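Subject: Structure handover

Hello,

Here is the structure for you to look over. My notes follow below it.

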Amino acid sequence: MPHQPIKIFNGKIITPYRIIPQGSVLISDGVINAVSEGTLITSDALEIDARGKFIAPGFIDIHIHGGGGHDFMDGSEDAFLKIAGTHVKYGTTAMLPTTLTSEKEGLLETLTIYERAHKNNIHGSGFLGMHLEGPYFAMSQRGAQDPRYIRDPDPQEYKEVIAHSSSIRRWSAAPELRGAIEFARYLRQHGILASLAHTDAIYEEVVEAFDNGYSLATHLYSGMSGVTRRNAFRYAGVVESAFVIDEMDVEIIADGVHLPPALLKLVYKIKGAERTALITDSMRAAGMPPGKSVLGNIKTGLPVIVEDDVAKLPDRSAFAGSVATANRLVRNMVTLADVSLIDSVRMMTSTPARIVGVSDRKGSLTKGKDADIVIFDENINIEMTIVGGKILYSSTSATTDRQTVL
């Protein structure tokens, strides 16, 4: 059944390259029908007056573990739906649900649950496929990943996992492990993005990995090697390699804690908005008050403590995922890293859309693309979130009478 057309007008439309000062967007049947300066003339559309606020593409989070008290590894469809419902309030319109290291059975179960949740997800951020983070990691760079499940790539195992589900969109692994290059080739054959993660590789290993499909650095700086010294000789690590290889994409946790402002500025200066995606990497405590929490499965996961706007292991030896939301990432790039609003939004929209292969339908306000749209104020506080042409979140400052945003 067709949805009523929606017209959003009197707002500042953000494109990847400019801001249209007084623009309008027309939505019909779940897709963008027109983007224009000035006001579009319509007769039967539900009208939304943006009142000078910003109109942007919906935020795309390609690395997220949980939120609202739930984790994608909890083993329930309800957890998937509650996480999607939590993050849509913060402007996320599409995401890649992400796993942690686990036994094979845990991965298979999560993939099966994803299939069900994907069909029933009508009230939250859309799902773009699964991101498997691990379990093929370097033990020395495990961070908060559970060491009980870390292992080298096993062809019999990963072939079974891939055969089990067609919903795997990316898989993060350490490329220096035995069998990791063959693993990447297999991923590429099946259209799955390979990412460098929790790795102690040096430059020469990263170059080989990139040549064989590892085209993205997972949460740059976190869980990866920098410059190391062996006897008198220095070796470039994954961080430096990602900078040197121009064509390599990177993702960063711009929560202001995992990376301080100076590093946010450095990544932007070297890689630019076109090669940098913002990710929350958020765990179950996102959108929740500080205190004790659990990373991973609610019954078998690792206990963590949330303080200083980040999750930590109880001994404070490592961060254990962020509690950030997408709008906070955009705000931080503007306020902490001195990045323009256009580029900050680009790193949360069109760049991640390209990286995961959905730029043909998401990531920018373009005619014919999915009507995934957010309206926010100058402080990046979300006023309204629209997913597939449906208004799924409206702040308390927005009225429902002709959907006028105050």
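A nonpolar core here is a set of buried Ala, Val, Leu, Ile, Met, Phe, Trp, Tyr and Cys residues joined through side-chain atoms within 4.5 Å. Buried means under 20% relative accessible area, and exposed over 50% (1.4 Å probe, protein chains only).

The model is predicted: local features need pLDDT of at least 70, side-chain atom pairs count only at pLDDT 80 or more, and totals for chains, interfaces and linings use all residues. Residues are numbered from 1 along each chain as its sequence is written, and side-chain values use heavy atoms, without hydrogens and water.

Cores. The largest nonpolar core has 74 residues. Trp171, Tyr214, Leu220, Leu278, Met333 and Phe376 have the most contacts inside it. Another core, of 16 residues, lies apart from it and includes Ile6, Ile8, Val25 and Ala50.

Leu278. Contact means heavy atoms within 4.5 Å. Beyond its neighbours within four places in sequence, Leu278 touches Ile252, Leu329, Met333 and Met347, among others.

Helix H7 (261-271). Helices (H or I, at least four residues) and strands (E, at least two) are DSSP runs, numbered from the N terminus. Leu264, Val267 and Lys271 are the buried residues of H7. They sit on the same side of H7, because they cover an arc of only 65° around the axis (directions from the helix axis to the C-beta atoms). Ala262 and Lys269 are exposed on the face turned away. The cover over the buried residues includes H6, S17, S18 and H8. Gly272 follows H7, with a positive phi near 75°.

Strands. Pairing takes at least two DSSP bridges. S5 (54-57) runs antiparallel to S22 (373-376), with four bridges. Phe376 in S22 is the bridge partner of Phe54.
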